[in-house]
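Good morning, and thank you for coming.

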Amino acid sequence: MIPLMNLDRQYANLQEKLDAAALKVLHSGNYILGEEVTEFEKEFAAYCGVKYAVGVGNGTDALVIALQACGVKAGDEVITCAMSFFATAEAVGVVGAKPVFVDCTKDTYLIDVDAIEEKITDKTKAIIPIHLYGQCANMDKVREIAKKHNLMVIEDAAQAAGAEYNGKKAGSLGDVGCFSFFPTKNLGCAGDGGIITTDNEEIYKQCLALRVHGSGLNGLFTYGKRKNIEVSEEKVDFNGNLPKYYNFVLGHNSRLDALQAALLRVKLPHLEEWNETRRKYAEEYNEKINNPVILKPVCKNENLHIYYVYVIVTEKRDELRDAMKEAGIATGVYFPVPLHLQRVFEDLGYKAGDMPNAEYLAAHSLAIPMFAELTEEERKKVIDVINNFEG
Ligand SMILES: *Cc1c(COP(=O)(O)O)cnc(C)c1O
């Protein structure tokens, strides 16, 4: 079977270094945060071209914490795209705010920026564009709208580590960026992991507090921001105790493990090369898949796509899926249910037909094998089976 994604081959290529990094952590006796995490945060921030990065437990928590650090709270509204993984909208709901969905465009699968402004109300606090499948959303337009209406921009970059928009990396294009290191993401660890990127020191300090129960001096800072009062650190008497046992706001227990950070430090220097290879394979697919019933993904000029997944569209999606399975090729559907039609959001009052493009893609899009270790023979087989599909 040709897999859709694959972790064994990447591990085999880096086994010696990854094993050594993992053992070093085991022997160190330091397992949560610590030097490996601090170093990785610096390296990842530098890679993205931002001042700060905060390692957290997973990509979903990255979104939750980023929303809270941006001041989003119960009763607020956050605009996002109906075409995404559930976590994008879940994070909005978890902080007590209401997700407000807009459709995607049919060719790029990204948020339709022309549909955002009509959804803005006096409760809107933020926009979450998703860099879906590894291609950045139209960030010039998102930022322009956000500036005009005084909204925060939180990038969901969980599928886009290393992607670029006009020469700038994902994670440096809004007020805050959120990444996931779920194992199959294009930069993945060996468990759950995530990170938040920002140039804004106040957001940075709040993220630091929120990942550790809202405690310590950063917790105090966050308290001051929320109450809109001056808090000076000298005024709190910790009575000789550790500040971390003094809590100022409700936070989370969501930290990046040293083990994951150590593995990610081995992988990060390879990310550019892996992304480049994915791009090369995508070009090969673009060039050689020539079946007229298949639509291929569109990459906008301003984007450097990293093809976390390569998604094609066809009216006969389910038939193609069966034909590929029969030929020994794995495929995936991302995502079968658009967010506005997920049962959990039924009280928001959306109905079928509200987001025609997201609904069309849910029924007609198909991800085909894409990862840096895919062999020439495997790519050729994928192309041949698709081109020979009659539907
Ligand atoms: C993977 C993903 C997330 C969530 O990341 P986790 O690490 O699994 O919590 C959020 N948004 C998008 C678009 C994703 O693909």
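This is a predicted model: local features need pLDDT of at least 70, side-chain atom pairs count only at pLDDT 80 or more; totals for chains, interfaces and linings use all residues.

Lysine 380 and aspartate 384 both belong to helix H12 (residues 376-387), where they stand 4 residues apart, about one turn of the helix. Helices here are DSSP runs of H or I with at least four residues, strands are runs of E with at least two, and both are numbered from the N terminus. An α-helix has 3.6 residues a turn, so residues three or four places apart point the same way. Lysine 380 and aspartate 384 form a salt bridge, with 3.0 Å between the closest N and O atoms. By salt bridge I mean a side-chain nitrogen of Lys or Arg within 4 Å of a carboxyl oxygen of Asp or Glu. Aspartate 384 counts as partly exposed because its relative accessibility is 31%; the scale is buried under 20% relative accessible area, exposed over 50%, and partly exposed in between, with a 1.4 Å probe and protein chains only.

Residues are numbered from 1 along each chain as its sequence is written, and side-chain values use heavy atoms, with hydrogens and water left out.

**Salt bridges between elements**

How many salt bridges are there by this rule? The count comes to 19. One of them joins the side chains of glutamate 36 and lysine 24, at 3.6 Å from N to O. Glutamate 36 is in helix H2 and lysine 24 in helix H1, so this pair ties together parts that are 12 residues apart in sequence. Are the two partners buried or exposed? Glutamate 36 is buried, at 15% relative accessible area, whereas lysine 24 is exposed, at 55%. Both residues also belong to a network of salt bridges that links Lys24, Glu36, Glu43 and Arg265.

Another salt bridge is formed by aspartate 76 and lysine 125, whose closest N and O atoms are 2.9 Å apart. Aspartate 76 sits in the loop between H3 and strand S2 (77-81), and lysine 125 in strand S4 (residues 124-128), so the pair ties together parts that are 49 residues apart in sequence. Aspartate 76 is buried, with a relative accessible area of 5%, and lysine 125 is partly exposed at 31%.

Why may helix H3 (residues 59-69) be called largely enclosed by the rest of the structure? The reason is that 9 of its 11 residues are buried; among them are Gly59, Leu63 and Ile65. At the start of H3, a side-chain oxygen of asparagine 58 comes within 3.0 Å of the backbone nitrogen of threonine 60. Just after H3, glycine 71 adopts a positive phi of about 85°.

Threonine 60 brings us to the ligand. Of the 14 residues around the ligand, those that come nearest are Gly59, Thr60, Asp156, Ser180 and Lys185; a residue is near a molecule or strand if one of its heavy atoms lies within 4 Å of it. In the side chain of threonine 60, an N or O atom is 2.5 Å from an oxygen atom of the ligand. Aspartate 156 has a polar side-chain atom 2.8 Å from a ligand nitrogen, and glutamine 159 has one 2.9 Å from a ligand oxygen. On its own the ligand has 380 Å² of accessible area, of which the protein covers 92%. Such areas come from the Shrake-Rupley method with a 1.4 Å probe; for residues, only the protein chains shown count as cover.

**Cysteines and backbone**

How many disulfides does the structure hold? The number is 0, a disulfide being a pair of cysteine sulfur atoms within 2.5 Å. For cysteine 178, the nearest cysteine sulfur is that of cysteine 207, 7.8 Å away. Cysteine 178 is buried, at 1% relative accessibility.

Finally, the backbone. The peptide bond from tyrosine 334 to phenylalanine 335 is cis, with omega near 10°, and phenylalanine 335 lies in the loop between helix H10 (317-326) and helix H11 (356-364). Tyrosine 109 is not a glycine, yet its phi is positive, at about 70°. Tyrosine 109 is in the loop between strand S3 (98-102) and S4, and counts as buried at 4% relative accessibility.

How values were computed. A polar contact is a pair of N or O atoms within 3.5 Å; within protein, one must be able to donate a hydrogen and the other to accept it, and residues adjacent in sequence count only if both atoms are side-chain atoms.
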